[in-house]
Amino acid sequence: MAAATVELITAPWNLGLRPPAPGREPGTWRTPRALLSAGLGERLRPARVVELDRPPYEFDAQPATRIRNGVTLREHTLLLGEAVHAALAASRFPVVLGGDCSILLGCLLGARRHGRCGLVHLDGHSDFRHPGNHDAGALLGSAAGMDLALATGRGELLLTHWPEIGRPLVADEDVVQIGDREEGEENPPATPPVTRFTAREIQRIGVAELGERVVRRLEERGLDRVWLHLDLDVLDERVLPAVDSPGRPGLDFPQLSELVSTLTATGRVAGLDVAIYDPELDPDGAYAAPVVDCLTHALTPLATVEAHA
């Protein structure tokens with residue numbers, strides 16, 4: 001790994017998740033510290049580490065929004081966007097450690113300030129809930145289950161319309177969603193109008209073929225830059241149960257590492273974020289090391305990309 005390539009940005013928040021129990025905050029805000037303590041910094045040897053503040057979590061609805069912590073999310077999305085923009089402006093590869101999936105918005109916001117940017121969305125769920133397919137008046141929306149909808153411009157203006165960019169952060173046609181297993185669930189959100197490879201399709205075609213098909217799609221769209229969103233619940237619950245919504249089928253760690261490595265080796269990936277691992281669901285810390293190993297091996301191609309730049 002080239003020492004000057006990576007910039008680590010910590011986004012220790014849980015704003016986009018429901019409380020796991022009354023009066024109890026989700027534990028994803030602890031993820032950056034857990035992964036750094038497990039050696040991620042030493043393994044990636046980043047040129048810089050930027051540590052963002054932990055935002056306050058509110059259990060009650062905030063004024064003028066039906067999205068949980070929506071006002072706070074906008075504020076911290078703008079801060080994260082600035083951090084990602086600065087990393088890219090310095091010709092570094094930002095690796096954003098969340099946190100829940102709502103960090104995607106800040107990552108795309110920062111990336112879009114450098115021009116068009118597609119999205120490869122690795123997630124065990126479509127994260128496509130929006131007012132068009134769920135009753136926003138009945139329950140507060142949780143942005144971690146809405147991030148793809150919000151990123152493609154669906155939902156409240158508070159989290160879909162951004163300075164300098166407007167809306168959407170990414171066009172439907174420039175999104176590839178990988179790993180959704182909601183097709184067998186009761187009342188899944190509407191199917192997003194993006195290129196999709198479901199968990200069961202991946203089982204059928206294999207990760208090598210999946211990587212080739214994703215790269216072909218990026219080439220067809222003329223996408224020289226994409227952001228890679230990695231929700232760790234894309235992994236099968238048998239290898240990583242310590243996530244907000246575990247399930248099966250899913251990838252194992254070697255498959256995930258192979259896929260991310262294939263994508264980063266193209267030189268098209270501008271940066272990536274990591275979300276949803278919850279250290280509070282892993283009290284012995286058994287899963288932090290495999291996550292660190294997976295990320296380290298997956299990002300090895302960056303050194304090759306830089307050498308040929």
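**View 1. Strand β3 has buried side chains on both faces.** F93, V95 and L97 point one way from β3, while P94, V96 and G98 point the other way, and all are buried. Buried means under 20% relative accessible area, exposed means over 50%, and partly exposed lies in between (1.4 Å probe, protein chains only). Strands (E, at least two residues) and helices (H or I, at least four) are DSSP runs, numbered from the N terminus.

The model is predicted: local features need pLDDT of at least 70, side-chain atom pairs count only at pLDDT 80 or more, and totals for chains, interfaces and linings use all residues. Residues are numbered from 1 along each chain as its sequence is written, and side-chain values use heavy atoms, with hydrogens and water left out.

**View 2. β3 pairs with β1 and with β8.** Strand β1 (residues 6-11) runs parallel to β3, and 6 bridges join them. Here E7 has P94 of β3 as its bridge partner. Strand β8 (residues 269-275) also runs parallel to β3, joined by 3 bridges. In that pair, L97 stands opposite V274 of β8. Two strands count as paired if DSSP finds at least two bridges between them.

**View 3. β5 is covered on both faces.** On one side lie V175 and Q177, on the other V176 and I178, and all are buried. Strand β4 (residues 118-122) pairs with β5 in the parallel sense over 4 bridges. V120 has V176 as its bridge partner in β5. Strand β6 (residues 195-197) pairs with β5 over 3 bridges, again in the parallel sense. There I178 stands opposite F197 of β6.

**View 4. Two cis peptide bonds sit at G98-G99 and R167-P168.** Between G98 and G99, omega is about 15°. G99 belongs to the loop between β3 and α4 (103-112). From R167 to P168, omega is near -5°. P168 lies in the loop between α5 (147-151) and β5 (175-178).

**View 5. S91 and I276 have positive phi.** Most residues other than glycine have a negative phi, and most peptide bonds are trans. Phi of S91 is near 60°. S91 is found in the loop between α3 (70-89) and β3. At 67% relative accessibility, S91 is exposed. Phi of I276 is near 85°. I276 is found in the loop between β8 and α9 (288-298). With a relative accessible area of 3%, I276 is buried.

View 6. Along the principal axes, the C-alpha trace spans about 50 × 40 × 35 Å. Of the 309 residues, 56% count as buried. Among contacts (heavy atoms within 4.5 Å) between residues at least 6 apart in sequence, 75% join residues at least 24 apart.
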